[in-house]
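Visitor: I would like to learn how to read charged pairs in a model. Where do we start?

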Amino acid sequence: MVMRKNLIESDHSELSIHQQCHIVNVPRSNYYYQSVKKLTKQEQAWLVAMDRLYTSYPFLGYRKMMQVMQKEGHAITEKQTRRLMAELGIQGLMPVRRRHTYTAQKQHHIYPYLLNKDKILKPGDVWAIDITYIPMNGSHVYLVAVMDWYSRFILSWRVSNSMDVGFCMDALQEAIRHHHLPQIFNSDQGAQFTSKLFIDLLKLHDIPISMDSKGRAFDNIMVERLWRSIKYELIYLAEYHTIRELKKLLSDYIEFYNFKRPHAGLNNLTPYEVYRGFDKS
């Protein structure tokens, strides 16, 4: 498998990565896979604690994070705090926009932020996508979700053990297959969402592209609220040991979130009750 992966050229002039994977019989997920460095039990405990704190207090920079962690009894240093916050892909909201779980690529084209209240009046006006970190057995995995902004209905989601574009494209393709296309698609400026493969898929379906602006921490606030709900209502309470177990838990929770969980911001309706008039299925 490794030898066949080496036959794939990321910058091939004629064949896409998807086509090359098909030719050499390598699953695209295997091509994009990158092993995740194993963390010590202590580091994993610190990551979980940081994730909890940051979900509640996203303004914490590395110095404040270290101080709060130390007050909670964690013997963590400034250097360790900075390294693990980088591992999580987070930084304080002020004075600069927090990075979420992404690394921007300077060579990628950045699209303007198109959202305002006048453009989000009904389901289907805007879709949003984001990635978050999920702790897993001394390491971590990533969860991506595509959401209808107005109704908060989760259109699709995927879990991956690496921050590649493949699982983000899979989530987007599923949303496109099963739902009417949005008027605007919004994301952050992460390398996954600014990559040529991802942008080309949006362009193929003539979907206008919007990206969060630097200095605007809450441009994608609806998905951020989803992550908070998932973590406090599921991840921090559940026990799971494998990706398969995690996916089952997430599947059950997202089913509950979409179809049974009332939202105060939706006049106590469920996301699907608000969205269903725009659903293909």
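**Reading salt bridges and burial**

Guide: Arg261 is buried, at 16% relative accessible area. The model is a predicted one.

Visitor: Which residue meets the side chain of Arg261 in a salt bridge?

Guide: First the general idea. Side chains of opposite charge can pair when their charged atoms come close. Here, Glu233 is the partner of Arg261, at 2.5 Å from N to O. This pair links distant parts of the chain, 28 residues apart. Glu233 sits in helix H10 (residues 221–235). Arg261 sits in the loop between helix H11 (243–259) and helix H12 (271–275).

Visitor: Is Glu233 buried or partly exposed?

Guide: Glu233 is partly exposed, because its relative accessibility is 34% and the buried class lies under 20%.

Visitor: How many salt bridges are there by this rule?

Guide: The count is seven. Among them is Lys196 with Asp200, their closest N and O atoms 2.6 Å apart. Both residues lie in helix H9 (residues 196–204), four residues apart, about one turn of the helix. Lys196 is exposed at 63%, while Asp200 is partly exposed at 34%.

Visitor: Where do Lys248 and Asp252 lie?

Guide: Both are in helix H11, four residues apart, about one turn of the helix. Asp252 is partly exposed, with a relative accessible area of 42%.

Visitor: What does the side chain of His179 contact?

Guide: His179 makes a polar contact with the side chain of Tyr275, at 3.4 Å. His179 lies in the loop between helix H7 (166–178) and strand E4 (184–187). His179 counts as buried, at 6% relative accessibility.

Note on methods:
Residues are numbered from 1 along each chain as its sequence is written. This is a predicted model: local features need pLDDT of at least 70, side-chain atom pairs count only at pLDDT 80 or more; totals for chains, interfaces and linings use all residues. Side-chain values use heavy atoms; hydrogens and water are left out. Helices (H or I, at least four residues) and strands (E, at least two) are DSSP runs, numbered from the N terminus. Buried means under 20% relative accessible area, exposed over 50%, partly exposed in between (1.4 Å probe, protein chains only). A polar contact is a pair of N or O atoms within 3.5 Å; within protein, one must be able to donate a hydrogen and the other to accept it, and residues adjacent in sequence count only if both atoms are side-chain atoms. A salt bridge is a side-chain nitrogen of Lys or Arg within 4 Å of a carboxyl oxygen of Asp or Glu.
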